[in-house]
Amino acid sequence: MTAPTTTATRKGGRWIEQWDPEDERFWREKGERIAARNLVFSILSEHIGFSIWSLWSVMVLFMGPEYGVDPAGKFFLVAMPTLVGGVLRVPYTFAVARFGGRNWTIVSAGMLLVPAITAAVVMEPGTSYTTFMVVAALTGVGGGNFASSMTNINSFYPLRRKGWALGLNAGGGNIGVPVIQLIGLLVIGTAGAAQPRLVLAVYIPLIVVAAALSAMFMDNLAPVRNDAGAAKEAARDAHTWIMSLLYIGTFGSFIGYSFAFGLVLQNQFDRTPLQAASLTFIGPLLGSLVRPVGGRLADAHGGARITLWTFAAMAAATVVVVYASAQKSLAVFLVGFIALFALSGLGNGSTFKMIPGIFQAKAVARGLTGEEAAAYGRRLSGAAMGLIGAVGALGGLGINLAFRESFASAHSGTPAFVSFLGFYAVCSAVTWAVYLRGARRPATVSAAQAGAHDPRSERQPAYADV
């Protein structure tokens with residue numbers, strides 16, 4: 001039976017009172033069009049959020065000797081937004097249910113003006129390092145945007161389409177990192193390294209446009225309620241923390257490398273700001289573009305399988321980077337490092353596809369069927385996404401701190417890369433042991449997607465296809 005959708009004015013915004021994307025007739029007649037519209041403007045807002053979050057990966061390229069900040073200080077400066085953004089992802093996740101996806105997108109987009117304007121004010125020689133740190137911390141609000149955007153879009157799409165939709169949403173947002181780096185390159189290449197405010201002059205009006213378009217074209221979903229019980233249940237579930245570990249390996253790598261790439265090139269290979277800026281955007285761009293591909297592959301072959309092979313390939317790429325670092329070969333280093341970006345993007349898509357599949361399989365294992373099982377899966381996966389996204393973002397902080405210590409003690413990034421290699425090996429082992437070892441292939445998850453109960457799955461869900 002098709003669920004009606006009625007848009008009503010409530011709490012000052014556009015609210016859809018009923019929403020059932022798992023109903024194929026409803027999805028075909030109304031749901032897909034509405035979901036696609038919200039996805040487009042969610043991507044726009046999240047894209048600019050990522051650009052502001054990664055702002056200081058660009059600003060440090062403008063900070064010559066006259067700023068008085070050494071390489072270790074710059075690594076710490078780009079790490080601060082990662083820390084704040086990771087912490088903010090938790091409240092941002094639940095803001096969607098509290099205020100509505102559309103309403104919170106407007107607010108969260110508008111909040112990006114604060115770090116953009118303050119950066120424009122302080123970005124000049126003579127400003128204290130403490131001031132730079134405070135302003136860099138403000139850009140963490142851009143990192144929070146990801147959690148609310150993903151939680152919102154997760155509610156709009158049926159399970160069978162979540163991998164692709166979440167991949168597009170996240171990938172479109174992730175592209176904000178290389179785009180602002182390209183704008184920084186354009187500014188350095190044309191106006192010189194003494195004009196960092198030109199970057200902010202581009203983004204301040206874009207923030208206003210994104211907030212306005214969100215107000216005009218997005219919707220709130222009334223069935224998505226603020227559910228503190230879901231947060232507590234997700235936090236108690238071991239899979240939330242297992243997936244957090246895996247997301248540190250994929251997204252933590254992506255955002256950590258994105259923020260640090262330019263500094264690594266400057267300090268390990270003596271690149272000038274312009275030379276570094278001409279290369280830094282390539283990896284984040286590829287990683288962003290392949291994230292939807294990771295989601296699509298996960299839809300077709302199972303997220304756990306794609307994630308396992310991704311971690312194995314990331315370990316291999318890290319070996320190449322370690323070799324290149326030891327040989328001081330920039331060409332080989334770029335091949336390995338850019339491969340790490342692309343693989344981390346692929347893994348971002350596959351890991352986030354796993355989350356709703358895991359909780360859907362658990363719903364079926366509990367004996368739930370039909371819409372009841374789908375609602376349980378949406379409820380728990382939405383809450384878990386915020387926690388997983390927050391912990392994963394903190395992986396970027398770990399990467400920048402590892403680089404800071406590595407360059408401070410060994411004047412090279414090689415020790416940091418060796419530690420990353422070990423971590424990818426751990427992630428590979430965990431993925432295989434928890435989600436693939438001895439897992440039955442089609443029965444459980446196929447039943448979950450169909451909304452049917454499989455008695456064989458009551459005791460232990462099989463996660464081979466999540």
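Trainee: What should I know about the model before we start?

Mentor: This is a predicted model, where local features need pLDDT of at least 70, side-chain atom pairs count only at pLDDT 80 or more, and totals for chains, interfaces and linings use all residues. Residues are numbered from 1 along each chain as its sequence is written, and side-chain values use heavy atoms, with hydrogens and water left out.

Trainee: How many aromatic pairs does the structure hold?

Mentor: There are 36 aromatic pairs. Rings of Phe, Tyr and Trp (its six-membered ring) pair if their centres lie within 6.5 Å; planes under 30 degrees apart count as stacked, over 60 as edge-to-face and the rest as tilted. The ring centres of Phe50 and Trp53 are 5.6 Å apart with planes at 65°, so this pair is edge-to-face.

Trainee: Where do Phe50 and Trp53 lie?

Mentor: Both are in helix α1 (residues 24–53), three residues apart, about one turn of the helix. Helices are DSSP runs (H or I, at least four residues), numbered from the N terminus.

Trainee: Which charged end sits over the ring of Phe352?

Mentor: That of Arg291, 5.6 Å from the ring centre. The rule is NZ of Lys or CZ of Arg within 6 Å of the ring centre and within 35 degrees of the ring normal. Arg296 lies over the face of Trp164, at 4.0 Å from the ring centre.

Trainee: And where does Leu401 lie?

Mentor: Leu401 is in helix α17 (residues 370–410).

Terms used: Helices (H or I, at least four residues) and strands (E, at least two) are DSSP runs, numbered from the N terminus.
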